Amino acid sequence: MRAISRKSARARAKLTCALVCLVAACACGDDRKPATPSPLEPELVLTYQSVCASCHARAGTGAPLAGNDADWSQRRAQGGDALLEHTVNGYRGMPPLGGCGRCSAADLRALVAYMAGIAEAAR
Amino acid sequence: MTGLTRRELLRAALAAGASAAGLSACGRGDQHTSVSGDWAPGEPLPWRNWSGIERCVPARRIAPASEAELVALLCSGDFALRPAGAGHSFSGLVPSDAALVFLDSLSGVISADPASLSAEVWTGTRLWLLGPALAAFGQALPNLSDIDYQTLGGALATSTHGSGAQLGSLSSRVTALWLATPGGELLECDAERHAEVFHAARTSLGALGVITRVRLANRAAFRLVERSRFVELDALLADLPHERDANRHFEFYAFPHSDVALAIATNETDLGPAPTVDDDPEAILLLRSLFRWTRALPGVGMRLYDAFLRNQPSSERAGESYAVLAHPRTVRFNEMEYTVPAEAGPECLRAILAEIRARDLPICFPIECRFVCKDDVWLSMFHERAGFSISIHQFQDEDWRPYFAAIEPIFWKFEGRPHWGKLHSLDAARLSALYSCWSDFRRVRRSLDPRGRLVNAHLAQILGA
């Protein structure tokens, strides 16, 4: 069992790297200037790729694309608290908690900051 | 609703309709409506489901990093808990004020066997990631649900399904499973080892413990082409047996207050990359606006609406199976689904459409109709009975209760079985009459969870636990 877990962890790490690269590529694909993302803690990378990326890295869903400054500039202006409130309560097409039932408020704030390009000091 | 051209046509029709009716194109019907939130920063964080109607404030959120950690947690105390999946269910399977268990860390393909085309998969895997993950091993699930936001564990617990007369639910593809019991054991179950637990746990409602991983019977990766066209509903229903048998997947949407249906046939293709029309998940909002405006025109409105649908172009999508079968759903809704015996499906649908017209219910959300093969899973909606699943939806920002209450008794007349993850009002007494293995399931549940650690209010109602 332990061997399977280690193997699985390695596979997940590879998948995570691939998906993060893919997201970066998607977000830059249409010449819209990416914001500088707030760094994401390693344990939240998996949450990002398994939950948030289903919409925020898939063009055409109506969700603002992660790291895409054109999508986020007006949203950022609302402030971190407002974006967090929208995330928890659900907003338009986004489900409550952004679909991450396990996330704490701090996790959600960090994920929003990462996608929106909000600097750590301004969260 | 698929197709950019279709969306452009809808926009044009809306502009014309607004002009004719003297309305602004920014009228209320066009606007997304947000959930009226009740949480503010600093308050305890609630849990809520995808559509927002189910909620709770759990005392604990547990996200074990490993299977062993989960088993140890179950041994560590006698606290109540519920497995939470991705929270996509509309029914009250998840809410608990005690502990919610999330398997997000148990995600991905553990191993794959190329000879048997099977794979062992963690149940915390989101379905939208499962397709690409299996494809890396040259495998694919034979079928998939229309929505892929769920976790594999949540989809299995509710017998989630796609469409296809020869294709069963996702639960029917499970050949082995590992169950962390409320007593803190890890049981490996299949048709021979702990066979009764296996039969019960393939569709478990999350009532038997926490299923950590499963072995799935897959097939070689494949490509599909989906062709959608608007047709006369009467003609479609007359030809339904042929459509059902001639296509690998066949489903259709009936439009309330219209005589038109959207027929969707999906079949394997060996063509390479083909021109693909992207999904347009927000086209349904344009349909709602069109419906509202035409409905407001006395005398001719519904005829205009019907004529507009009738003249929609066909569309086509192609790609890897998992990409074609699932669709992004960014317009949230609430849903009721019952599965009636396959042969009774068309009559049941006609009764529903007639009821909507008779009551003049202001419903435009298309009604989804799908075929599913029978299986031997104890609490599957398709247990020993080929099914015709009929799904009715209401926009998340509108009250679903009057509509669903008007239609649900029609499902009962046709011996319908409700989807476990969707809205219904049946209790244990009525559900027990629909399933021949009901008492077996209850017995297995009692043996695994005698103290009811996994029983929340909803399960108490539907299981009589």
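This is a predicted model: local features need pLDDT of at least 70, side-chain atom pairs count only at pLDDT 80 or more; totals for chains, interfaces and linings use all residues.
Chain A is built from 5 helices and 0 strands. Chain B touches chain A through a contact that takes 39 residues from chain B and 33 residues from chain A. The largest nonpolar core has 71 residues, and those with the most contacts inside it are in chain B.

**Chain A overall**

- Along the sequence, the pattern of chain A is α-α-α-α-α.
- Chain A has 123 residues, and buried residues make up 44% of them.
- Take the contacts in chain A between residues at least 6 apart in sequence: 71% of these join residues at least 24 apart.

**Helix α4 of chain A**

- Helix α4(A) covers residues 80-89.
- Its buried residues are A:Leu83, A:Leu84, A:His86, A:Thr87, A:Val88 and A:Asn89.
- The cover over these buried residues includes α3 (69-77) and α5 (105-116) of chain A.
- After α4(A) comes A:Gly90, with a positive phi near 90°.

**Where chain B meets chain A**

- Chain B gives 39 residues to the contact, and chain A gives 33 residues.
- On the side of chain B that touches chain A, β1 (47-48), α2 (67-75) and α3 (127-135) each supply at least two residues.
- That side of chain B divides into 20 nonpolar, 9 polar and 10 charged residues.

**Nonpolar cores**

- In soluble globular proteins, nonpolar side chains tend to be buried together.
- Within the largest core, of 71 residues, the most contacts belong to B:Val101, B:Val121, B:Leu177, B:Leu179 and B:Ala201.
- Helix α3(B) gives the most to this core, with 6 residues.
- Leaving aside residues up to four places away in sequence, B:Leu179 touches B:Leu187, B:Cys189, B:Val197, B:Ala201, B:Leu208, B:Gly209 and B:Ile211.
- A second core is separate and has 53 residues.
- Among the residues of that second core are B:Ile367, B:Phe382, B:Tyr403 and B:Phe404.

**The α11(B)–α12(B) pair**

- Helix α11 (residues 345-359) and helix α12 (residues 401-413) of chain B pack with their axes 10 Å apart, at an angle of about 150°.
- The two helices are therefore roughly antiparallel, as angles over 145 degrees count as such.
- The crossing of α11(B) and α12(B) is right-handed.
- From α11(B), the contact uses B:Cys348, B:Ala351, B:Ile352, B:Glu355 and B:Arg359.
- From α12(B), it uses B:Ala406, B:Ile407 and B:Ile410.
- By class, this contact holds 6 nonpolar, no polar and 2 charged residues.

Methods:
Residues are numbered from 1 along each chain as its sequence is written. Chains are lettered from A and ligands numbered from 1 in the order in which they are written. A residue is buried if 20 or more other C-beta atoms lie within 10 Å of its own, exposed if 12 or fewer, and partly exposed in between; C-beta atoms are placed from the backbone. Helices (H or I, at least four residues) and strands (E, at least two) are DSSP runs, numbered from the N terminus. Two residues are in contact if their C-beta atoms, placed from the backbone, lie within 7 Å. Ala, Val, Leu, Ile, Met, Phe, Trp, Tyr, Cys and Pro count as nonpolar, Asp, Glu, Lys and Arg as charged, and the others, Gly among them, as polar. A nonpolar core is a set of buried Ala, Val, Leu, Ile, Met, Phe, Trp, Tyr and Cys residues joined through C-beta atoms within 7 Å. Axes are lines fitted to C-alpha atoms, for helices over the stretch in contact, and angles run from 0 to 180 degrees between N-to-C directions. Angles under 35 degrees count as roughly parallel, over 145 as roughly antiparallel, 65 to 115 as roughly perpendicular and the rest as oblique. A crossing is left-handed if the near helix is turned anticlockwise from the far one by less than a right angle, and right-handed if clockwise.
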